[in-house]
Amino acid sequence: MDEEEALLIVDNNNNNNNNNNNSRDIHILSISFVLIFLSFGAAQNLETTLNTVENLGTTCLGILYLSFTIFSIVAGVVVRTIGSKKALVLGTSGYWFFVAANLIPSWYTMIPASIYIGFCASIIWVGQGTYLTSSAQSHARENKLHEGTVIGHFNGEFWAMFAGHQVFGNLITLFVLKDGTGGSTTGTTLLFIIFLSVMTLGIILICFLSKKDNHKKAKESPESSLDRFSTLTSLAKSVFKPLCDVRMLLIIPLFAYSGLQQAFVWAEFTKGIVKPVLGSAGVGGAMAVYGAFDALSSLVAGRFTSGLSNITYIVCGGALAQAIIFLWILLQYSATSGLIGMIYPLIMAGVLGIGDGVLMTQLNALLGILFQHDMEGAFAQLKIWQSASIAAVFFLMAHITMQAMLVTMLAILCVSMVGFLLLTLRGEQALSSS
């Protein structure tokens, strides 16, 4: 009896340690991503306002997201080959080099950094999803809990914390550049050194993550070349097969619009609306407001998400809010001085943040409901179309006016909503018939 009790105690201790490790890993993953992306996100917001010579900043962001689009196709293979933890560590290096390149911004430093970060962005996000899901599955298995519930809880913690990166990063920008040093070498150099220091801390934290073994990897046979070929074949199918689904074709315009509206905020809105009124330091403050309302709307929209009908109402509300802001800028807005003139860009930033938070949460929920049998392919389509549309904005931004961009976005938004409503009608009919 004593031996059995001792074995039970040891087994319980091991389970407790594993549980603590899984929870600890999610805490570390969440905090490290906040530290890394508060630095990168704030730096990205400043690209089009600081690196304006020959549109260097705009071109670099276009190349970044074009690279992201291309490498997203093969990111799954890379992560499977090196493992999720190594993919996370390697992925962070691209963000570090991109911020470091801003210390000496030129075509010779920024272009290579933009291409490399596109590769790193593709593998870090695939690695993040794989690592988080693996941790949740392990936690559920060890505690005999419902796997979907645990995955939801772990994702909830991660995304709730991640949403704050826009707030923290842009507040740092606001405080460092508050004395009007946005255009000076000293002010921007200090800012990017701070970002590099914070980002380095986040990279160090990621190194303390536990290694998650891929159980499928342990079953590798000597015919590894055949396994690699089948992996490439299955990856190609997961990317292109969803395009044969009518539901996916109906929602792709909304994928593209979600990327377009993000790129508009990062590039044209900060450059053409915020900076003329609030200055470079004000870009940080406006984007902090954007991030705060983005995080808040994500949490609220997530709470009310329970089915296709709810998703339809929430998405329509977010789209209407953004459409009102676009029409305001297009038809009536003009920069004015005084307190009211300073408040207008902040109001716009808040409403645009609400729309973005709604789109991000509801698109992910919609894919989870409608494409349960091909989740990887569905989410791959989301990333590919988002990053491709973001790249298009940054490349075309120097050649079209803000008015033309707004008209284009409103047109795409209308097409997106028609496709989205048709999709939800088809989905409701399918669910009711089943």
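These legends accompany an overview and several close-up views of a predicted model of a protein chain.

Figure 1. Of the 434 residues in the protein chain, 49% are buried. Among the contacts with a separation of 6 or more, 84% are between residues 24 or more positions apart. The protein chain has an accessible surface of about 20,100 Å², and carbon and sulfur atoms contribute 67% of that area.

Figure 2. A search of the whole structure finds 18 aromatic pairs, and the pair shown here is formed by tryptophan 125 and phenylalanine 162, which are placed edge-to-face with 5.4 Å centre to centre and 90° between the planes. Because tryptophan 125 lies in helix H5 (residues 107-143) and phenylalanine 162 in helix H6 (residues 147-162), the pair ties together parts that are 37 residues apart in sequence. Both partners are buried: tryptophan 125 has a relative accessible area of 16%, and phenylalanine 162 has a relative accessibility of 10%. The two rings also belong to a cluster linked by ring pairs, whose members are Phe33, Phe37, Phe40, Tyr95, Phe98, Trp125 and Phe162.

**Figure 3. The crossing of helices H2 and H5.** The axes of helix H2 (residues 56-72) and H5 come within 7 Å and cross at roughly 35°, and this crossing is right-handed. From H2, the residues that take part in the contact are Leu56, Thr59, Cys60, Ile63, Leu64, Ser67, Phe68, Phe71 and Ser72. On the H5 side they meet Trp107, Met110, Ile111, Ser114, Ile115, Ile117, Gly118, Phe119, Ala121, Ser122 and Trp125. Sorted by residue class, the contact of H2 with H5 is made up of 14 nonpolar and six polar residues, with no charged ones. Trp125, listed here among the H5 residues that meet H2, is also a partner in the edge-to-face pair with phenylalanine 162.

Figure 4. Leaving aside neighbours within four places in sequence, serine 93 is in contact with Tyr116 and Cys120. The C-alpha atoms of serine 93 and isoleucine 117, residues that are 24 positions apart along the chain, are separated by 8.0 Å. Isoleucine 117 is also listed, as Ile117, among the H5 residues that meet H2.

Figure 5. Tyrosine 257 has its place in helix H10 (residues 246-304) and is buried, with a relative accessible area of 0%. Not counting residues up to four places away in sequence, tyrosine 257 touches Gln322, Phe326, Leu359, Met409, Ile412, Leu413 and Ser416. Alanine 411 is 154 residues from tyrosine 257 in sequence, while their C-alpha atoms are 9.9 Å apart in space.

**Figure 6. Glutamine 386 in helix H13.** Glutamine 386 lies in helix H13 (residues 375-396) and, at 6% relative accessibility, counts as buried. When neighbours within four places in sequence are left aside, the residues in contact with glutamine 386 are Phe255, Ser258, Gly259 and Met360.

Figure 7. Asparagine 21 is found in helix H1 (residues 2-50) and is partly exposed, with a relative accessible area of 32%. The C-alpha atoms of asparagine 21 and serine 210, which are 189 residues apart along the chain, are separated by 7.5 Å. Isoleucine 347 is found in helix H12 (residues 338-370) and, at 40% relative accessibility, likewise counts as partly exposed. Between the C-alpha atoms of isoleucine 347 and valine 289, residues 58 positions apart along the chain, the separation is 8.5 Å.

How values were computed
Residues numbered from 1 in each chain as written. Predicted model: local features only at pLDDT ≥ 70, side-chain atom pairs only at ≥ 80, totals over all residues. Heavy atoms only, no water. Buried < 20%, exposed > 50% of the residue type's maximum accessible area, 1.4 Å probe, protein only. Contact = heavy atoms within 4.5 Å. Areas by Shrake-Rupley, 256 points an atom, 1.4 Å probe, with all protein chains shown as cover. Phe/Tyr/Trp six-rings, centres within 6.5 Å; stacked < 30°, edge-to-face > 60°. Helix = DSSP H or I, 4+ residues; strand = E, 2+ residues; numbered from the N terminus. Axes fitted to C-alpha atoms, helices over the stretch in contact; angles between N-to-C directions. Left-handed = near helix turned anticlockwise from the far one by under 90°. Nonpolar A, V, L, I, M, F, W, Y, C, P; charged D, E, K, R; others polar.
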